[in-house]
Amino acid sequence: MNTPHTIAHYINGQHYAGTGGDTGLVYNPATGQTQAQVRYATADEVHLAITAAAAAFPAWSATPPLKRARIMFQFKALLEQNMNALARAITLEHGKTINDARGEIIRGIEVVEFACGIPHLLKGEFSDQVGAGIDTHSVRQALGVVAGITPFNFPVMVPLWMIPMALATGNTFVLKPSERTPSASLMIADLLAQAGLPAGVFNVVQGDKLVVDTLLHDSRIQAISFVGSTPVAEYIYTTATAQGKRVQALGGAKNHLVVMPDADLAQAADALIGAGFGSAGERCMAITVAVAVGGVGASLVAQLAEKTRAIRINQGLDEHADMGPLVTSQHHAKVKSYVDTGVAEGATLVVDGRDFKLAGHEAGFFMGPCLFDQVTPAMKIYQAEIFGPVLCVMHVADFTAALKLVNDHEYGNGVAIFTRDGNTAREFGRHVQVGMVGVNVPIPVPIAFHSFGGWKRSLFGDHHVYGAEGVRFYSRLKTITTRWPNTQIATEFVMPTM
Ligand code: NAD
């Protein structure tokens, strides 16, 4: 058997093989085979990356924003030119379809495009003559070295929620990508270098908890952006804020789609299938619960069952596949056990994808889509984030009950309502306790010039990611009050008033 190639780090403008530390295995989920090993950084190697980022900070933060923006323009062009190679790397490690992988890259590029406008976004405020001969102006300055810790499910898009915003505002960066999908991080590092980014401004360290903990406890790291599961998000938020760091930690989700009796049922069913089973349900904005209001449940379930059975499952490089495999065999086993639990809890399993095997890929981590009906709030399959191709249907009497159901859930990442009634949609938007809301839009991921983030246990911290929130998160406000006196100034012992 061939020795698998090793994926390692990128420090101070160089690929860095690493000297020791543990290694992990990276699989091709479609074949079930190991395709690489990833070397985990030691604490010393993490310190090396932070030292490189700290050394690069003074020059990078003093670089005019216009020049930083020009590097972002180059980076955008390079991402576009290398789209297919990046998409292939995502598909081979994550398993999602190649079209879906291209989609995530395009959504990431949108953030780079937004960051190209950084000179305008960093423009401060100026107040003339706040007192006699006194002016005040405010500026936003970079924080220093910041770190990003990212999940397996968007190896390009989620890092790009952070990197362009952090770099364009003048910070230097250490990325700790998911150990399950590590390759894209090094491709991003190469493209940033080709775009003209100076050495040390962007660094990558691979690994798991040890690397994360080293970042959380290093006093040189000023801010942490995290995206991943809720228990880890909460741990990162509490640990890093206790160290005095600024933190945005985005967690897990359980997203509902409310189908009102006046909705176009066929449209709602199509939306549910795409949003529930796209990327095999491994999306934080996947819709996992359909809430059928009034009498629409039976007809909705019939349509969903038919469409679920028609989903084309294949290895992700197939251009016509709707859905690929799950990321690892462990994750496959976990998702399957949730479905077993749902059956044991008494939910009706209308479509059972548990035993699906793809011919020619029997060792791959494939699972067919599963559709549950008659799910209730007390069931574990309703409460937990399953993160797989499992869609639950619940039935409620009216709008008030649907709203209460959504608001009572511990997560509040995304939600959607399908209706033809403007007032219903407006009331829903105003009263739902969720960060991102879609009206006849199943996956309301905000465009880059808005910002992305959930409520409740889907986000720890005050700032959403990218957009204006990203500029605020990665910069600190400074307010300067100025006087240029041309006469002697009297000593003042009282609180100055203008
Ligand atoms: P995860 O929480 O297991 O891992 C995320 C990152 O944290 C990885 O880099 C991992 O190495 C690290 N990590 C894992 N365990 C750790 C620990 N004990 N201590 C310190 N670091 C640790 O998440 P995942 O399985 O990679 O990704 C799926 C999860 O991410 C889902 O819950 C999904 O909802 C969530 N997610 C959320 C969003 C969002 O925007 N809210 C977006 C994408 C994914």
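**Exercise 1.** Which helix and which strand each supply at least two residues of the shell around the ligand?

*Solution.* Take the helix: α8 (209-217) qualifies. Then take the strand: β11 (221-227) does too. Helices (H or I, at least four residues) and strands (E, at least two) are DSSP runs, numbered from the N terminus. The model is predicted: local features need pLDDT of at least 70, side-chain atom pairs count only at pLDDT 80 or more, and totals for chains, interfaces and linings use all residues. Residues are numbered from 1 along each chain as its sequence is written, and side-chain values use heavy atoms, without hydrogens and water.

**Exercise 2.** How many residues surround the ligand, and which are the closest?

*Solution.* Count the shell: 26 residues (each with a heavy atom within 4 Å). Now name the closest: Lys176, Glu179, Arg180, Ser229 and Glu385.

**Exercise 3.** Find polar contacts of the ligand (pairs of N or O atoms within 3.5 Å).

*Solution.* Start with lysine 176: an N or O atom of its side chain is 2.7 Å from a ligand oxygen. Next, glycine 251: a polar backbone atom lies 2.8 Å from a ligand nitrogen. Finish with glutamate 385: a side-chain N or O atom is 2.5 Å from an oxygen of the ligand.

**Exercise 4.** Why does the ligand lie between domain 1 and domain 2?

*Solution.* Domain bounds come from an automatic or database assignment. Domain 1 covers 5-251 + 458-479, and domain 2 covers 255-439. Both give residues to the shell, so the ligand lies between them.

How values were computed
A polar contact is a pair of N or O atoms within 3.5 Å; within protein, one must be able to donate a hydrogen and the other to accept it, and residues adjacent in sequence count only if both atoms are side-chain atoms.
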